[in-house]
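Trainee: Hi! Could you walk me through this one? I'm still learning how to look at a structure.
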Amino acid sequence: MRILCGSDKAAESRLMDTFERAAALCLEREGLDPDRAEISLSFVSKEEIHRLNSMYRNVDAHTDVLSFPLIEDFNDIDEDEELILGDVVICREQAREQAKEYGHSEEREVVYLFVHSVLHLLGYDHMDEDEKKVMRTREEEIMSEMGLERERS
């Protein structure tokens, strides 16, 4: 599993190791070989993610994470072909705010956003309730396996 990340200090080594493990779990659950996969990761400001959200989704607001998948149909991929999955863009500032709001660590929130985004790269979506339920279940399975379950009160 290769995650390409700019020289942003937000991409500290321990977090990148966690991201690699999470992405590998996501791919393995889909029957894909993580050793063949690559994801591009960027951390941006609220202003930048707002700009990207406006440009690519026509939503004039900031968000926490954006996903830009490059593979439309995994059935069209050769067995030994490299899997360049796409781009993940995370706003750490928004993640920090959400972590406080939800009452868990910033690490848990950032990893959750990353897992959410990787699932989008793998073709998951949450546009209707059935899709949303399937995606949320997969997210929680991965987070649980990572030891980053949601705190229950």
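Mentor: Happy to; we'll talk about the sheet, the helices on it and the aromatic rings. Keep in mind that this is a predicted model.

Trainee: Okay, sheet to begin with. What is the strand order in the open sheet of 4 strands?
Mentor: The order is E1-E2-E4-E3, and the pairing is mixed.

Trainee: What holds strands together in a sheet, in general?
Mentor: Strands pair through backbone hydrogen bonds, and they can do so parallel or antiparallel.

Trainee: And which strands stand at the edges here?
Mentor: Strand E1 (2–5) and E3 do. Each has a single partner strand, so one side of each has no neighbour in the sheet.

Trainee: How many bridges join E2 to E4?
Mentor: There are 8, and these two strands run parallel. E4 covers residues 83–91.

Trainee: Nice. Which strands does H1 touch?
Mentor: H1 packs on the sheet and touches E1, E2 and E4. The direction of H1 makes about 135° with that of E2. There is also helix H4 (residues 106–121), which lies across E1, E2, E3 and E4 and runs at about 25° to E3.

Trainee: Switching topic: how many aromatic pairs does the structure hold?
Mentor: It holds 3. One of them is Phe 19 with Phe 43: the ring centres are 6.4 Å apart and the planes are at 25°, so this pair is stacked.

Trainee: Why does 25° make it stacked?
Mentor: Because planes under 30 degrees apart count as stacked.

Trainee: Where do Phe 19 and Phe 43 sit in the chain?
Mentor: Phe 19 is in helix H1 (residues 13–29) and Phe 43 is in strand E2 (residues 37–44).

Trainee: What lies over the face of Phe 43?
Mentor: Arg 92 does, at 5.5 Å from the ring centre.

Trainee: Which residue pairs with Tyr 56?
Mentor: Phe 68, in an edge-to-face pair with 5.1 Å from centre to centre and 70° between the planes. Tyr 56 belongs to helix H2 (residues 46–57) and Phe 68 to strand E3 (residues 65–69). Tyr 56 is exposed, with a relative accessible area of 52%, while Phe 68 is partly exposed at 23%.

Methods: Residues are numbered from 1 along each chain as its sequence is written. This is a predicted model: local features need pLDDT of at least 70, side-chain atom pairs count only at pLDDT 80 or more; totals for chains, interfaces and linings use all residues. Side-chain values use heavy atoms; hydrogens and water are left out. Rings of Phe, Tyr and Trp (its six-membered ring) pair if their centres lie within 6.5 Å; planes under 30 degrees apart count as stacked, over 60 as edge-to-face and the rest as tilted. Buried means under 20% relative accessible area, exposed over 50%, partly exposed in between (1.4 Å probe, protein chains only). A charge sits over a ring if NZ of Lys or CZ of Arg is within 6 Å of the ring centre and within 35 degrees of the ring normal. Two strands pair if DSSP finds at least two bridges between them. Contact means heavy atoms within 4.5 Å. Axes are lines fitted to C-alpha atoms, for helices over the stretch in contact, and angles run from 0 to 180 degrees between N-to-C directions.
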